[in-house]
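Biologist: I am new to this structure and would like to understand the words that are used to describe it. Could you show it to me and then take my questions one at a time?

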Amino acid sequence: MAAAPGGSAPPSGPGPRLAFSTADSGIGMSGLNPGPAVPMKDHDAIKLFVGQIPRGLDEQDLKPLFEEFGHIYELTVLKDRLTGLHKGCAFLTYCARDSALKAQSALHEQKTLPGMSRPIQVKPAASEGRGEDRKLFVGMLGKQQGEEDVRRLFQPFGHIEECTVLRSPDGTSKGCAFVKFGSQGEAQAAIQGLHGSRTMTGASSSLVVKLADTDRERALRRMQQMAGQLGAFHPAPLPLGACGAYTTAILQHQAALLAAAQGPGLGQVAAVAAQMQHVAAFSLVAAPLLPTAANASPGGGGPGALPGLPAPMGVNGFGSLTPQTNGQPGSDSIYNNGLSPYPGPEGCNLFIYHLPQEFGDAELIQTFLPFGAVVSAKVFVDRATNQSKCFGFVSFDNPTSAQTAIQAMNGFQIGMKRLKVQLKRPKDANRPY
DNA sequence: TCTCATT
């Protein structure tokens, strides 16, 4: 750790920072009223990601645990957009940066919340400055090697921030691990030094050391798995297309019932269903439960809403969820979702046919986001009825993403239908057939 | 042989 040569000033933070700037706030500045009604956070505060939270715990339950380290500016449990289901993780911002650091070192991997099989995760959120280029995937480990063995192996290459051996629920190693270094250089050095360098006892081939998948790659892989599994299965018995908005729960329930009733052959479906939260898309929203535009009462909270459940969010096309476009004189025949209505460059635009009836812009975006930057997504809607025409388009900012999306999603089976995903033809393309 | 989730 050399002192910075050349005597250059620090790039930011010129000297000690004043705790407050009351410049033009109009708030009393005499210090007589030190307890602000609205909590303020330091400008260098860190947003933390908190993982391995029991699904039963909400913000109020979690607050005491975290308050121990400082004043909380914001704490949000992540919930599924469509179903409102607890995702088992949260974002946490303290007013002070220091509190976040303290919480991280005191809690991260240090304790396990009730009912969880793995320790709590407390670390800067992905949005706080990336760093996936420092994380390595290590394959072809021996089954008997634990975290300590892996650490010993990688220690010579730098500071190890995280080291996790992947295990089955029963605790046996899956023969692979993640190792996160303090810097990209260290990670690269470890790849150079270790990949293929030896064969661990009990492994079938030489050690694998490479950069771990990015989140995007992971999402893509899952999507492909899902497509493959759903495509291979003909779900005649599933009343797809006629269930409720609370997809995940319902789908899981049905899949579980089916699996139980019909034996192990359908077990996969349950696994697939369990992964479908982020593609809630295929959300099989209940036609009968949703009002048609004609009889919807705007602002009424949704006549079709299920009693006792929160109103579904992001379900578009019906009821009051896209009120600003419903029947507005100026509205187009497609939803105004804030994205550019104009297609991207040639080769970047996809047409998607055979969408579920209740599938809207939001679901479309969500479904195709894993393949790249979506610059535009529209479901076409019948002006008169406000009903989806069951086709739409998605535009990416580059042709590769578009091709990837076609590969992964064309033929994706939903209910009795399969999605048709193809490049938008330059002209003459608006015909479903 | 890619966790476990990232508004």
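Modeller: What follows is a conversation about terms and the values behind them.

Modeller: This is a predicted model, in which local features need pLDDT of at least 70 and side-chain atom pairs count only at pLDDT 80 or more, while totals for chains, interfaces and linings use all residues. Residues are numbered from 1 along each chain as its sequence is written, chains are lettered from A and ligands numbered from 1 in the order in which they are written, and side-chain values use heavy atoms, with hydrogens and water left out.

Biologist: How many helices and strands are there in chain A, and what makes a run of residues a helix or a strand?

Modeller: Chain A has 9 helices and 14 strands; these are DSSP runs numbered from the N terminus, a helix being H or I over at least four residues and a strand being E over at least two.

Biologist: What makes the pairing of the side chains of S395 and N349 a polar contact?

Modeller: The term asks for a pair of N or O atoms within 3.5 Å, where within protein one must be able to donate a hydrogen and the other to accept it, and where residues adjacent in sequence count only if both atoms are side-chain atoms. The side chains of S395 and N349 make such a contact at 2.6 Å.

Biologist: Why is the pair E67 and K63 called a salt bridge?

Modeller: A salt bridge is a side-chain nitrogen of Lys or Arg within 4 Å of a carboxyl oxygen of Asp or Glu. The side chains of E67 and K63 meet at 3.8 Å, N to O, so the pair qualifies. Both residues lie in helix α1, 4 residues apart, about one turn of the helix. An α-helix has 3.6 residues a turn, so residues three or four places apart point the same way.

Biologist: What does the salt bridge between E161 and R134 link?

Modeller: The side chains of E161 and R134 meet at 2.8 Å, N to O. This pair links distant parts of the chain, with E161 in strand β6 and R134 in the loop between β4 and β5, 27 residues apart. E161 is partly exposed at 39% relative accessible area, whereas R134, at 16%, counts as buried. A search of the whole structure finds 5 salt bridges.

Biologist: How do you know that the buried residues of helix α2 lie on the same side?

Modeller: In α2, which covers residues 97-107, S99, A100, A103 and L107 are buried. They cover an arc of only 100 degrees around the axis, which puts them on the same side of α2; the arc is that of the directions from the helix axis to the C-beta atoms. The buried residues of α2 pack against β1, α1, β3 and β4.

Biologist: What makes a set of residues a nonpolar core, and which residues have the most contacts inside the largest one?

Modeller: A nonpolar core is a set of buried Ala, Val, Leu, Ile, Met, Phe, Trp, Tyr and Cys residues joined through side-chain atoms within 4.5 Å. The largest one has 21 residues, and those with the most contacts inside it are L350, F368 and F396. Helix α9 gives the most to this core, with 5 residues. In soluble globular proteins, nonpolar side chains tend to be buried together.

Definitions and conventions
Buried < 20%, exposed > 50% of the residue type's maximum accessible area, 1.4 Å probe, protein only. Contact = heavy atoms within 4.5 Å.
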